[in-house]
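This report describes a protein model together with its ligand.

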Amino acid sequence: MSISARLPVFPWDRLEPYKAAAAAHPDGVVDLSVGTPVDPVPEVIRQALTAAADSPGYPLTYGTAALRAAAADYLRTWHGVAGADPRHILPLIGSKELVGWLPTLLDLREGDQVGYPQLAYPTYEIGALMARAEPVTYDDPVADLDPARVKLLWLNSPSNPTGRVLGAPELRRIVGWAREHRILVVSDECYIELGWEGEEPVSVLHPDVCGGSHDGLVAVHSLSKRSNFAGYRGAFLAGDPAVVAELLAVRKHAGMIVPQPVQAAMVAALGDRAHAVEQKERYARRRTALRTALEAAGFRIEHSEASLYLWATRGEGCWETVADLAKRGILVAPGEFYGPTGAAFVRVALTATDERIAAAVERLA
Ligand SMILES: Cc1ncc(COP(=O)(O)O)c(C=O)c1O
């Protein structure tokens with residue numbers, strides 16, 4: 001049997017008819033269905049990429065010393081990860097690559113379970129299936145999962161798709177339980193800089209959560225959203241020294257190497273705060289405009305305290321909402337893509353230009 005036969009049908013194909021309907025709008029589609037950056041790559045990052053264009057030799061899987069130092073500094077400075085150590089950082093070719101391959105790289109297999117939230121980025125399930133492990137979902141991991149079988153627990157705060165944030169006490173409770181049962185916790189923190197209201201998102205490696213030790217914990221940070229870096233492919237992980245060492249050993253053999261010019265661009269991105277603040281302000285403006293317009297149009301927004309999405313419902317099936325919005329030239333993602341409990345919701349991404357967001361607001365009125 002092929003691997004693809006084990007995997008679910010690529011869900012986005014099901015959106016195609018609605019995409020065609022939305023595209024028929026006389027003023028063009030407003031595509032809010034995917035969270036892909038649309039604003040320019042910041043100049044400081046482009047310059048670093050260009051300056052490293054002459055890179056004929058093989059790059060290091062472990063990353064340059066400059067990159068690992070920049071990542072550790074970034075975690076310490078902006079996320080209060082006091083124990084961040086350049087030795088325990090590993091660059092990634094974007095974080096989706098890790099999510100898809102981690103269970104395989106950690107030698108999980110049939111009989112092992114991989115836990116992830118009930119409403120989640122679909123690739124956590126894919127990663128489990130690639131390894132022939134069993135995907136299991138949770139509302140509360142401590143209450144819902146069998147600690148004897150779960151080998152890997154994914155956290156995702158702020159969450160895609162709900163924008164929900166887990167506070168430090170909640171994270172500490174989950175980490176305590178996982179450590180007691182020797183379950184590896186991997187925290188996907190790609191939206192950590194995009195907190196809008198309520199508690200500031202916190203890293204699993206923050207001393208308030210982990211108590212100062214990174215044992216049994218890995219944090220994954222993507223530059224895609226923070227730095228409009230999705231096209232370059234750049235992310236990194238940090239945490240438990242033994243896990244980082246094992247992943248490095250395997251990834252070296254497997255050729256999972258971040259290109260040298262991209263590593264240089266990551267150093268520039270991680271060292272610069274101004275562009276990330278500017279980008280966050282853009283998203284904040286778009287979020288306020290879209291949220292106001294959706295609420296005025298009869299939607300209720302749940303969670304969405306952080307991340308790049310509004311998790312919205314009109315109390316009807318998600319495909320009904322998708323179809324109605326497509327008629328108005330607006331494409332959104334059906335909540336069902338993220339888990340059965342999302343069936344009455346749609347996910348509305350903030351990733352469109354100011355001009356397209358204004359068009360959406362007008363069409364919702
Ligand atoms: C929760 C989550 N994790 C990981 C990713 C992958 O991001 P990238 O591969 O660009 O780092 C995404 C992308 O949207 C995401 O929403």
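In this predicted model, an N or O atom in the side chain of Arg233 lies 2.6 Å from an oxygen atom of the ligand. Arg233 is also one of the residues that come nearest to the ligand, together with Asp188, Tyr191, Ser222 and Ser224, out of the 14 residues around it. Ser95 places a polar side-chain atom 2.7 Å from a ligand oxygen atom.

**Helix packing**

Two packed helices are described by the angle between their axes and the distance between the axes.

| Helix pair | Angle between axes | Axis distance |
|---|---|---|
| H3 (residues 43-51) and H11 (residues 260-271) | about 150° | 8 Å |
| H2 (residues 16-23) and H13 (residues 318-327) | roughly 25° | within 8 Å |
| H5 (residues 95-105) and H6 (residues 123-130) | about 35° | 6 Å |

Helices H3 and H11 pack at an angle of about 150°. Angles over 145 degrees count as roughly antiparallel, so H3 is roughly antiparallel to H11. The crossing of H3 past H11 is right-handed. From H3, the residues that make the contact are Val44, Ile45, Ala48 and Leu49, while H11 contributes Pro261, Val262, Ala264, Ala265, Ala268 and Ala269. Sorted by class, this contact holds 10 nonpolar residues, with no polar and no charged ones.

The axes of H2 and H13 cross at roughly 25°. Because angles under 35 degrees count as roughly parallel, H2 is roughly parallel to H13. Tyr18, Ala21 and Ala22 of H2 make the contact with Trp319, Val322, Ala323 and Ala326 of H13. The contact of H2 with H13 comprises 7 nonpolar residues and no polar or charged residues.

Helices H5 and H6 have their axes 6 Å apart, and H5 passes H6 in a right-handed crossing. On the H5 side, Lys96, Val99, Gly100, Trp101, Pro103 and Thr104 take part; they meet Thr123, Tyr124, Gly127, Ala128 and Met130 of H6. By class, the contact of H5 with H6 has 6 nonpolar, 4 polar and 1 charged residues. The residue range of H5, 95-105, includes position 95, and Ser95 is the residue with a polar side-chain atom 2.7 Å from an oxygen atom of the ligand.

**Backbone features in loops**

The loop between strand E5 (150-155) and helix H8 (168-180) contains Pro158, and Pro161 is placed in the loop between E5 and H8 as well. The peptide bond joining Ser157 and Pro158 is cis, with omega about -5°. A cis peptide bond also joins Asn160 and Pro161, where omega is about 15°.

Asn228 lies in the loop between strand E7 (217-222) and strand E8 (235-239). Its phi is near 50°, a positive value in a residue other than glycine. Ser222, within the range given for E7, is among the residues that come nearest to the ligand.

Key. Residues are numbered from 1 along each chain as its sequence is written. This is a predicted model: local features need pLDDT of at least 70, side-chain atom pairs count only at pLDDT 80 or more; totals for chains, interfaces and linings use all residues. Side-chain values use heavy atoms; hydrogens and water are left out. Axes are lines fitted to C-alpha atoms, for helices over the stretch in contact, and angles run from 0 to 180 degrees between N-to-C directions. Helices (H or I, at least four residues) and strands (E, at least two) are DSSP runs, numbered from the N terminus. Angles under 35 degrees count as roughly parallel, over 145 as roughly antiparallel, 65 to 115 as roughly perpendicular and the rest as oblique. A crossing is left-handed if the near helix is turned anticlockwise from the far one by less than a right angle, and right-handed if clockwise. Contact means heavy atoms within 4.5 Å. Ala, Val, Leu, Ile, Met, Phe, Trp, Tyr, Cys and Pro count as nonpolar, Asp, Glu, Lys and Arg as charged, and the others, Gly among them, as polar. A residue is near a molecule or strand if one of its heavy atoms lies within 4 Å of it. A polar contact is a pair of N or O atoms within 3.5 Å; within protein, one must be able to donate a hydrogen and the other to accept it, and residues adjacent in sequence count only if both atoms are side-chain atoms.
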